[in-house]
Amino acid sequence: MLTSPAPVHRARTLADALAWRATHPHATVLAGGTDLMVFLELGSANPTSVLDLWGCTELRGISEDGRTLGALTTWTDMVRHPALPVALRDCARTVGAPQIQNRGTIGGNIVNASPAGDSLPMWLVTDATFELASVRGVRQVPASAFWLGYRKTALAPDELLVRVHLHPHAGDRLHYRKVGTRLAQAISKVVLGGRLRIEGGIVTEARVALGSVAPTPIRAHHVEAALLGKPVDPAAAAAVADDIAPIDDIRSTAAYRRTVSANVIRAWLEGEAAA
Amino acid sequence: MIRFTVNDQDVALDAPPMSRLLDVLREGARLTGTKEGCGEGECGACTVLIDGVAVNSCLVPAIQADGCRVTTVEGLASDGRLHPVQEAFLRFGGAQCGICTPGFLVTAKALLDANPHPTRAEAREALAGNLCRCTGYQKIIDAVTEALAGPDVDAAATSTPAC
């Protein structure tokens, strides 16, 4: 047991959190704690002070239309929300297990910026925008411009992620697939998000994103380009070799990740082609 | 000072705000039914309820329990009677070495409060974050799915407080 002596500021409102953040840019931000508490126990995080957002209830939950998700939205909130696409709810169900889903937040997943973050490819393929706030104001950053490098994000030191905005298009086909050692409690070896818009039998928009195969979650631009302008073609999966830069690590090997990335994309596209 | 209720008793404990709820319960409140397994949210042995919701107490900073209602395995029995899921674990042999049992019982209580008659698939998903290294899962799933079955089903279901 390692007990951090860090003092904690418990924000009750977003305005309070932003004001405190402005004067404490080096404080560690706490939401559900499911990552931070592990880092504290391992000794890999040693915060001088902590900003606890958990009490900012205005940042919790999902709008009725499913388009706006507060940063403190838990995986359980997502699993239970009827207006969210099934693929997003499926994604939330694969994070940890119920105890983690009850506490872990989408904001924590996004800001921690692990390349293995389960939800991150889904924000890329849905063209989600992240609302970042500070006492200076609010700005919207597309998911595709948020992860700048390994665990590095576009957040300024005084900013907090406050909301995620989705821009759903009726009829788009959304897909999620996670490959891990078991269904629950696995950190992904490969995670796939996909979205296709098919008009008159032709793919007119394609988004393919992967996690755990590069220093950040990434779009598979070569696969996307290979899909456009024709009927769904499972052979486009092969182009992923030019999109990813996987490594050998404790969870898997680069060779496995290359093979499986292509396989999960092909399996998805074969299903779409047959649909 | 961190103040909350544990099993309907008020407690006020002096602990660093980022200390683990697990340690505050075991060493501050002297409720050692809650176990530490992995200490990183993988095994579920430390599961408690906060306001009726199952969480890993090793991952909850004590300060976040302030003002909340915490339920540990010691709070499942009431008036000298075991909770139906505890009775079912006895009946079906749902415990071997026992270290994981408190976490399973607490997680199962949360499931049964929301869904008194889970299917085996629902029970497996709800309990996916609890590991039993004796691998006695079949009897655990038997116990959880059958806990509120039988003639006392209505009485048993209503005896578990809603959260």
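Domain bounds here come from an automatic or database domain assignment. With that in mind, let's walk through this predicted model, starting inside chain A and then moving out to its partner.

Chain A is split by the assignment into domain 1 (8-112 + 129-165) and domain 2 (173-274). How far apart do the C-alpha centres of domain 1 of chain A and domain 2 of chain A lie? The answer is 26 Å. The two domains do touch: 11 residues from domain 1 of chain A and 10 residues from domain 2 of chain A take part in the contact. On the domain 1 side, α4 (86-93) and β7 (147-149) of chain A are the elements that give two or more residues.

Now for the contact between the chains. Chain A brings 28 residues to it and chain B brings 25 residues. On the side of chain A that touches chain B, at least two residues each come from β1 (8-10), α2 (36-42), β3 (50-52) and α5 (98-101) of chain A. Which element supplies the largest share of that side? That's α2(A), with 4 residues.

Here is how the residues of the two touching sides divide up.

| Side | Nonpolar | Polar | Charged |
|---|---|---|---|
| Domain 1 of chain A, touching domain 2 of chain A | 6 residues | 4 residues | 1 residue |

Methods
Residues are numbered from 1 along each chain as its sequence is written. Chains are lettered from A and ligands numbered from 1 in the order in which they are written. This is a predicted model: local features need pLDDT of at least 70, side-chain atom pairs count only at pLDDT 80 or more; totals for chains, interfaces and linings use all residues. Two residues are in contact if their C-beta atoms, placed from the backbone, lie within 7 Å. Ala, Val, Leu, Ile, Met, Phe, Trp, Tyr, Cys and Pro count as nonpolar, Asp, Glu, Lys and Arg as charged, and the others, Gly among them, as polar.
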